[in-house]
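Have the structure open as you read.

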Amino acid sequence: MANQDDNNNQEIEKVEGFIEQVLFYARSSTVERDYIIKKIPLKNSINSVIRKNANILIEKRVKIQLEDIEKKVYCDSKWIEFILQQIISNSVKYMDKDEKYIKIRCLEKDKNIILKILDNGIGISEKSIEKVFEKGYTGENGRKYNNSTGMGLYIVKGLCDQLGHHLTITSKENIGTDVAVTFGGNDYYLVDE
């Protein structure tokens with residue numbers, strides 16, 4: 001009976017994830033009307049997303065490694081949590097190794113904060129890496145694992161662009177994926193702290 005409950009909970013979480021994607025996609029074209037930019041601690045957003053994904057992380061036995069996440073950036077907390085949710089969800093979705101991990105760390109470079117999310121999942125082929133931000137693109141992995149909408153990274157890229165953040169992704173097949181969100185210097189936004 002417990003196994004059936006776990007399966008039901010997983011299905012509910014999937015449906016909730018798809019609904020969240022649809023809602024964020026619908027709002028993403030008018031993001032400027034629905035954000036509040038202020039200086040936020042990345043640690044709070046990261047921890048919130050990890051807590052939200054705790055069940056699947058435990059079930060899939062994915063280790064989370066956090067390093068130097070005590071940075072503050074100018075962003076909207078709701079939108080950055082959606083961005084992190086999509087990236088972490090993809091990481092978990094495409095893992096098939098015995099020892100699974102996601103490393104989340106921050107770096108500082110030229111007045112910018114770079115949030116890096118690295119995993120040791122199945123990786124993305126060279127052919128697919130250039131298309132991952134295209135609307136509806138699922139690639140070989142999406143077809144093989146049959147649970148990709150091709151919308152998550154498309155929405156994430158659009159949100160990062162609108163919020164003034166730079167998103168990059170690098171990957172090696174059978175080694176893992178490295179996603180970086182670069183938050184510009186503090187002069188991008190004219191806000192009160």
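Is Lys 60 buried, exposed or partly exposed? With a relative accessible area of 35%, Lys 60 is partly exposed, since that label covers everything between the 20% and 50% cut-offs. Keep in mind that this is a predicted model.

## The overall layout

The protein has seven helices and seven strands. Starting at the N terminus, the elements go α-β-α-α-β-β-α-β-β-α-α-α-β-β.

There are 193 residues in the protein, and 42% of them are buried. Take the contacts with a separation of 6 or more: 71% of these come from residues 24 or more positions apart.

Leaving aside residues up to four places away in sequence, Lys 60 touches Val 92 and Lys 100. Lys 60 is also 33 residues from Lys 93 along the chain, and their C-alpha atoms are separated by 9.4 Å.

Arg 61 belongs to the loop between helix H3 (54-59) and strand E2 (62-67). Its phi is near 55°, a positive value in a residue other than glycine. Arg 61 counts as exposed because its relative accessibility is 59%, and the cut-off for exposed is over 50%.

## Another positive phi

Lys 111 isn't a glycine, yet it has a positive phi of about 70°. You'll find Lys 111 in the loop between strand E4 (100-109) and strand E5 (112-119). Its relative accessible area is 79%, so Lys 111 is exposed.

## Helix H4

Now for H4, which covers residues 77-93 and has 17 residues. From first C-alpha to last it reaches 24 Å, close to the 24 Å expected at 1.5 Å a residue.

What caps the N-terminal end of H4? That's Asp 76: one of its side-chain oxygens lies 2.9 Å from the backbone nitrogen of Lys 78. Further along, the buried residues of H4 include Trp 79, Ile 80, Phe 82, Ile 83 and Leu 84. Gln 85, Gln 86, Ile 87, Ile 88, Ser 91 and Val 92 are buried in H4 too.

## How H2 meets H4

Two packed helices are described by the angle between their axes and the distance between the axes. For helix H2 (residues 42-52) and H4, the axes come within 9 Å and cross at roughly 50°. That angle makes H2 oblique to H4. The contact is made on the H2 side by Leu 42, Ser 45, Ile 46, Ser 48, Val 49 and Lys 52. On the H4 side, Ser 77, Ile 80, Glu 81, Leu 84, Gln 85 and Ile 88 take part. As for handedness, H2 passes H4 in a right-handed crossing.

Ile 40 is found in strand E1 (residues 38-41). Is Ile 40 buried or exposed? Its relative accessible area is 7%, so Ile 40 is buried.

Not counting residues up to four places away in sequence, Ile 40 touches Ser 45, Lys 71, Lys 72, Val 73, Cys 75, Asp 76, Ser 77 and Ile 80. One of these, Ser 77, is 37 residues from Ile 40 in sequence, and the two are 7.0 Å apart in space, C-alpha to C-alpha.

Technical notes:
Residues numbered from 1 in each chain as written. Predicted model: local features only at pLDDT ≥ 70, side-chain atom pairs only at ≥ 80, totals over all residues. Heavy atoms only, no water. Helix = DSSP H or I, 4+ residues; strand = E, 2+ residues; numbered from the N terminus. Expected span 1.5 Å × (residues − 1). Buried < 20%, exposed > 50% of the residue type's maximum accessible area, 1.4 Å probe, protein only. Polar contact = N/O pair within 3.5 Å; in protein donor to acceptor, adjacent residues only side chain to side chain. Axes fitted to C-alpha atoms, helices over the stretch in contact; angles between N-to-C directions. Parallel < 35°, antiparallel > 145°, perpendicular 65-115°, else oblique. Left-handed = near helix turned anticlockwise from the far one by under 90°. Contact = heavy atoms within 4.5 Å.
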